[in-house]
Each structure stands twice: as structure tokens, then as C-alpha cells.
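Have a go at each task before you read its solution.

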Amino acid sequence: MKKVLFFVVMLVGAVALASCSSNEQFDLDVETEFVVGLEAAYAPFNWSTSVENEFSVPLAGQLGVFVDGYDVVVSSMIADELGLDLVIKAIDWDGLIPALLSGEIDMIIAGMSPTAERAETVAFSDEYFRSEQVMVVSTGGAYAHATSLADFNGARVVAQLGTLQDDLIDQITGVNHLDPLDTYALLATAVAQNAADAFIAELPVAQGMVATNSNLTIIRFTGENGFTVSDEDVIVSVALRQEDVNLLAAVNEALAGISTDTRNQIMAEALERQDNAS
Amino acid sequence: MPKPILEIQNIHKRFGQQYVLNGINLDVYEKEVVTIIGSSGSGKTTLLRCLNLLNEPDDGHIFFMGSDLMDPKTNLEALRMHIGMVFQSFNLFNQKTVLDNCILAPIKLLKLSKEEAIDRAMTFLKKVGMQDFAHQQASRLSGGQKQRVAIARALCMNPTIMLFDEPTSALDPEMVGEVLQVMKNLANEGMTMVIVTHEMAFAKEVSDRVVFMDQGVIAEMGKPEEILVNPKEERTRSFLKRYTTS
Amino acid sequence: MMVFATLPPKDEFLNTIFYLVERYSGFFIRGVLITLLLSVVGTLGGFILSLFLTLLRTTEVDHRRDTWLTRTLKRLGRGFSVTYITVFRGTPMIVQAMIFYYGISPLRLSWWTPLIAGLVVVTLNTTAYIAEVIRSGINGVDKGQMEAARSLGFSRREGMFLIVLPQAIKNSLPAIGNEFIVNLKDTAVLSVIGVFDLFRATQSATSSNFRVVEGFFIAAIIYLILTFMTSKVVQRLDVAMEAGKENAHA
């Protein structure tokens, strides 16, 4: 008798909870579109372009402005799987999570890493790209032939504001940790103009930069020479509101259908499409 | 004795702690020309500006056409339409033409049609000899011309009484005459006028009464021959000494 | 036919500039148009609103004749006007933009886009500055003008509207023209809330090639052209004003 009662109470509770949350969460059956937020300034993950191609998506509210990049392609694939229309909005990095929480956008697909800190306020999907953290230095500079973190003792290193890369800087012994900058374009300029010695970026991003700026060089680390990173530092995931349980499940299902080979290919193609130097 | 048009009863005015008007009593009758003389600081300009309440006395009464200007319920703007004022610095509306200066108030306040207002304006401009300048911009005129237009502008409202605040003090000497002539003509036509001036000869010729003010009170008042030629008060005499004309 | 098919190498400054101009001409044109829109609407709208604000600011309480209600309303109006001007002149427009845009966003109004928010902010901001300009313009009008108006029988309000304000506005035109030029440049801060002005257009144009210096060099040239042309017009206005003043003292 007690067991039955307990089960009934649990069932009622679960139904109540489920109906509570499903009242608030993104309803896949009702909605016809979902809104993705990204920076549009983080090539090769996402950037702005004026030239339309088979991968680009128009930017919401801006005539003649399109976005392209790995994140855009993945967004389109998710949209296909979910059977929903895709709307993309460009929002500054710091404004992405507030925009998600306020309901202005439904997902963040912006090369964002699922750090524990962010996971306190948002939910993250499975990874949709895995890479490594590298450093970018000036080609003719003192650090062009560095092979380990130890080589950067005394170097001026900088990262983007609000990213995990900014935290990684402190793993370098004796580093001169510069104040973070707003965008990756500014990081590249800082190193190119010798206002900094190096910045930290994910490999694809670094590759994109070096392709457009021959005066920048990538320093990759092997084995123990590089950063001590946890999984969450080298993968990127889709961020959603914590109550959008159904949507999260649907996104994960869609991502599961994109193999690692496909992902690498998409990234390589994005790097090609990016504004590359001759 | 007919009732006075303007009854000034015991008005006082303070600027800060200083009493500029210290109990003024004065009646002005229809068709009268009253001239107020006195040294600067005597309060004569302040008194004149109280007559249309540009300056507001601290107490007392000013009865005009039966209404007390000091009463908060009185419609000041309506009464001011019957009081014309001519300023020492002319105060023409500089960006407008001479004609526009004269027709603005009649059109907006007296609700005249444009034709009626222009008709009236031209009549008065003719009277002051400025009809040929009707379409000139006011700022381009000489001082004497401006003052004559100012008089015409005030006349266009068909006022019951005209107030003049040192109308020729800011003019070059050669232009004083043309303005005084206009004022003389006005007086001869029977306009009620209160004039603050330093032009003693003019005052003698045109006034029915001369008021001498000193330190915020009316020191002496009477016919021009009495005051200007043979004043009773010592202070009147010493004031006039400075203005002895040959 | 594009002159440069691909991005020139990093050390070719001039070629990079030509490339960027060609490839992202759409961005730059759009950015310029939005910057102009913000400046024109901001200055014009600010001018109109500032007239209301200045009139509130310069109302005088008639201690004898105003009822208690009138006096209180006048004082409230004056207080509001002074506070408004102090606040909007005392805080940076970028801060105002953040507060307005992110403060009203939660209301989920479909028409509250970054552009609308930007237009609102630049207008409210400019209002405060022009209000001060017009106030000093009014103070610069000879007191005798109002006295003449009132002695003819006009109320203070009529005197203000018919005689004083037109002169004050005329005298303020060069300063208002300068406000426009200031807005051309300062609206760049609205890019932080996502307005696609010239600054953000430049950011977007360099978002995948990272040629920041070259990109913003182009922006600087464009800003220079805009401000230079407007300055010339304002200069002409200044000369016309001075000529007018000289006539007045003939």
C-alpha cells in the first residue's frame, strides 16, 4: 500500500513538474523557428561577409550582411534535423549569455566552451567540435621557435575578454598577463604591432588568422609542453537555457549525426572560405 | 473734475533692501501730458515702468480704466493693450520689417485682418514720417528712425495712454528733434502721455504738468512754468542748475 | 570586376585598403547611411525636444498671480528639465545606450531593435546638449525684446514664441550644426548595442581577415569626409549669422 501511494505521489509530482517546465520551455511542436546567437567576428567559427554563398545565412535585421563559418554550417544542419527555420543574430561576446537567458535568442552556437562556470547558468549540449589550444606569435619575433610554455617566461600574453583562454595564460610561469581585449581581431593586431608577444586561441581560429596574416605564426605544443587542459577547455558546445530540456535532447541527437570526419571537413572548408590572403 | 485715467496710490518698490519708490501718489487725467524729471536713482524710470507693471510695486494700488493693476485677478495683458510704451533703447523686433513690427500685435491680439492692420500701420507710419521705410528691416534704421517706428508701433494698438521712458536719451543730437516733433504732434492731438525725459525745453513746451522726483518720492509737482522756472524746493533748484540751457 | 580577387598579403597596406573597400563596399555604405541616419534624426529630434525642455526650464513663476497648482507644476517642470539635462550631459552616451537597450529588452517588444534603441538614445542625449545651447541663446537675446512684447500686451509665453525664441534659435544654429558634427562621430559608441553604424560595419569587414588597422583607416577617411563637408556648411552659416549681426548695429 505504501509503495503504491509513494509511486502515485511521485507520478503526480512528476507530471506536475513536467507540465510546469513544459509550459515554459521551448516547444518543438509549436515553434517554427529558433534563433541562434553568435559574435560574427570569430573566424573560422563565425564571421560577417557581404558575399552570399551556399553556406552563408543572412544576419537578422541587417540587409546585405551575411554570416558564414563552422558555427553557421552546424546551425543550418541542426535546423534541418529539427525541421525549424533558422534565424541568426549577431551579439557581442559578453552579451550572448544575457541574450540567451532573456529569451532574445534560443541557442548560442559561437565557438563557446562549456566551462563549469558557464554551466551554472546555462545548459550545454555535447561537443560539436574538438580542437587544441595554441599560441599565436609574431613570425619574426623572439618567440617564433618556442616549443613549450616554459619558453614564454617573461612574455606579454593576451587573450579575449571573458574566455577560458584568459585563464590559461596564468599557467605560464613568469608570464606578463596583459589585460584582455574585446575581439580576436584586436588580439591579432596587438601581436602584429608588437603590443603583445602572443595570444592564445583555438587551433582553427589560429589557422584562420595565420592564413590571412603571414606575419603571424602558430606555436603548437606536444605532450607535456603545453597547457594543462580539461575536456571543457578544448571542446565547443551549444549553449541553451536550462529549462529547454526537450530542445537540448533534440540538438544532441542532431549533433550525434555529424561524424568527426564531417566536422573536420566542415572546418577545413570554412577556413578556405574565410577571407584568405593570396 | 473728471475722473483720472490713471490713479497711482501710495506705491512702494524695493530692490533688495533699498526703497526705490517710497510712497508715490499721482493722478493722470485724460489728454494730460505729464513729464517726470529727476536725477538717475530718483526712481523716475522705475515709476514709469510700474505704470504698465513691467516693474511690480511691492504695495499700493494703480487704478487704470477702473481696474487695479495690482490685483492678481486683473487681466494684465488685456489692460496693457491700452497702454503704449516707448523705450529708451527702442526695442524694435530687429529681425522683422518696419511694417511687421507694427502689424504683429494688432493681428495677434486685436484680431485685425492683415489688410486692416496694414492700413492702420501705414496711417501711423505716415504720421511719424516713416511710411517709405515700411519694408525695410528694422535693424537697418538709424536711431531716430527706429524710435519713430517704435512710437508708430505703440500707436497701432490705439492706446488710451502713452508712456515714454527717456525716448531721446540714446539718440545722437541731430536725431533728437525729429522724435520730439512726433511727440509734440501727438500731444497736440490730445494723446494722454507720461514722459520721463531730460529735455527741459521740450518739457516746458509740451507738458501740462511737471513732476520732479528725488530719492523715491515726488519732491515737487506743478505747472511747467512753476517747476522749471521758479521751483519752490531747494533740491529741485540744484537739480535744474545742471540743466540750465542758454 | 574586382581589382583584387583575394586578400593581399599583410605588408601591402594600400592594396589591403583597396581590397577591403571593394569587397566590403556594401558594409561601408550601409554603415555610413546608418551613421547619417542616427546623426540626422538625433540632431533634428533633439532640437525639437530641446525646445520643450528649454521652455520648461525658462518658465517663470508669477508669485502674485499663479495659483498654487500652477506654481507647483511650473516648479516641477523646471526641476525635471534641470535633472534631465544634468543626467544626460553628465553620463557618457555609451552608458545610456547600455541602460536603455538592455533595460527595455526584457519587455520583448518586437520593435525594440538595436537601431530603434540607438535612435532613441542619440535623440535623448542630443536633446540635453541643444537645450543648453538654446537656453544661452535665449539669454543672449536682449531683454528689451520681451519687454516690448509684453508692453504691447503679449503674455510671456506669446512673447517667447513670437519674438524671443525665433531669435534665440537663429543665433543657436551654428552651435546646433556643431552638435550634428559631434553626433557623426559619437554615434560610433552605439555599435556596442549592435547598431550597424560605420564603426560596426568596419568591425564586420575585418572580422574574418583581421586587417584591423587598414579597415579602420578606411573608416577614419570616411568620417573625415563626412565631418569636413558638414563643417563647411556650418561655416557658411556662421558667416551668414555674423553678417546679420553687423546689420543690426548699423
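Predicted model: local features only at pLDDT ≥ 70, side-chain atom pairs only at ≥ 80, totals over all residues.

Residues are numbered from 1 along each chain as its sequence is written, chains are lettered from A in the order in which they are written, and side-chain values use heavy atoms, without hydrogens and water.

**Exercise 1.** Describe how chain C meets chain A.

*Solution.* 
- Step 1: Start with contacts (heavy atoms within 4.5 Å). Here 27 residues of chain C touch 37 residues of chain A.
- Step 2: Turn to buried area, the accessible area (1.4 Å probe) that two parts lose on being put together, summed over both. For chain C and chain A this is about 2500 Å², with 49% of it on carbon and sulfur atoms.
- Step 3: Look for salt bridges (a side-chain nitrogen of Lys or Arg within 4 Å of a carboxyl oxygen of Asp or Glu). Between chain C and chain A there is 1 salt bridge. C:Arg200 pairs with A:Asp92, and their closest N and O atoms are 2.6 Å apart.

**Exercise 2.** What classes of residue line the largest cavity?

*Solution.* 
- Step 1: A cavity is a set of points on a 1 Å grid over the protein atoms alone where a 1.4 Å probe fits but cannot get out; lining residues have an atom within 4 Å of a point.
- Step 2: The largest cavity holds about 80 Å³ of space. Its lining has 13 residues, and A:Tyr42 and A:Trp93 are among those closest to its centre.
- Step 3: Sorted by class, this lining has 5 nonpolar, 5 polar and 3 charged residues.

Note on methods. 1 Å grid on protein atoms, 1.4 Å probe; cavity = no way out; pocket = protein on both sides within 12 Å on 5 of 7 lines; lining within 4 Å. Points joined across faces, edges and corners; volume = space filled by probe spheres on them. Nonpolar A, V, L, I, M, F, W, Y, C, P; charged D, E, K, R; others polar.
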